[in-house]
Amino acid sequence: MDFKYGAAAVFIICLIVLLIGVLKKRAMIVLNFIVRAVVGMICIYFINHFLEGQGISVAVGMNLISVLTSGALGVGGVALLYGIVLLQFL
């Protein structure tokens, strides 16, 4: 009977360690997404003001789609958003 309790305890401890590892990885993914979204929004803000100062009337809106795109794709997503707006401008 002691062997069963010992084996169950080891099994439960292993599950807890695996769960902590999965949660830690998931937290890093979420944190990475948030950092990319914030950096993307800052880039959009400064690029919009730079283009406005140059007299170019092309601006990417700061909305949920922009946040999701820059969060998922990073700075490349910001470039993609400006590419889409420039294609519409032509």
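Which backbone oxygen does the side chain of S66 reach, and at what distance? In this predicted model, in which local features need pLDDT of at least 70, side-chain atom pairs count only at pLDDT 80 or more, and totals for chains, interfaces and linings use all residues, the side chain of S66 reaches the backbone oxygen of G61 at 2.6 Å. Residues are numbered from 1 along each chain as its sequence is written, and side-chain values use heavy atoms, with hydrogens and water left out.

The secondary structure of the chain consists of three helices and zero strands, where helices (H or I, at least four residues) and strands (E, at least two) are DSSP runs numbered from the N terminus. Along the sequence the pattern is α-α-α. With a radius of gyration of 23 Å, well over the 12 Å that the globule rule gives for 90 residues, the chain is more spread out than a compact globule; the radius is taken over C-alpha atoms, and the rule is 2.2 Å times the number of residues to the power 0.38. Along the principal axes, the C-alpha atoms fill a box of roughly 80 × 20 × 15 Å. Buried residues account for 20% of the 90 residues, buried meaning under 20% relative accessible area, exposed over 50% and partly exposed in between (1.4 Å probe, protein chains only). Of the contacts (heavy atoms within 4.5 Å) between residues at least 6 apart in sequence, 64% join residues at least 24 apart.

Leaving aside neighbours within four places in sequence, V60 is in contact with I44, N48, S66, L81, Y82 and V85.

Helix α2 (residues 64-73) has S66, T69, S70 and G71 as its buried residues. At its start, a side-chain oxygen of N63 reaches to within 3.2 Å of the backbone nitrogen of I65. This is a polar contact, defined as a pair of N or O atoms within 3.5 Å; within protein, one must be able to donate a hydrogen and the other to accept it, and residues adjacent in sequence count only if both atoms are side-chain atoms. S66 counts as buried at 3% relative accessibility and, apart from neighbours within four places in sequence, is in contact with M41, I44, V60, G61 and L81. T69 also counts as buried, at 16% relative accessibility, and its side chain reaches the backbone oxygen of I65 at 2.8 Å. With neighbours within four places in sequence again set aside, T69 is in contact with G74, G77 and L81. Just after α2, G74 takes a positive phi of about 75°.

The structure holds one aromatic pair. Y45 and F46 form this pair in an edge-to-face arrangement, at 5.4 Å centre to centre and 75° between the planes; rings of Phe, Tyr and Trp (its six-membered ring) pair if their centres lie within 6.5 Å, with planes under 30 degrees apart counted as stacked, over 60 as edge-to-face and the rest as tilted. Y45 is partly exposed, with a relative accessible area of 41%, whereas F46 counts as exposed at 55% relative accessibility.
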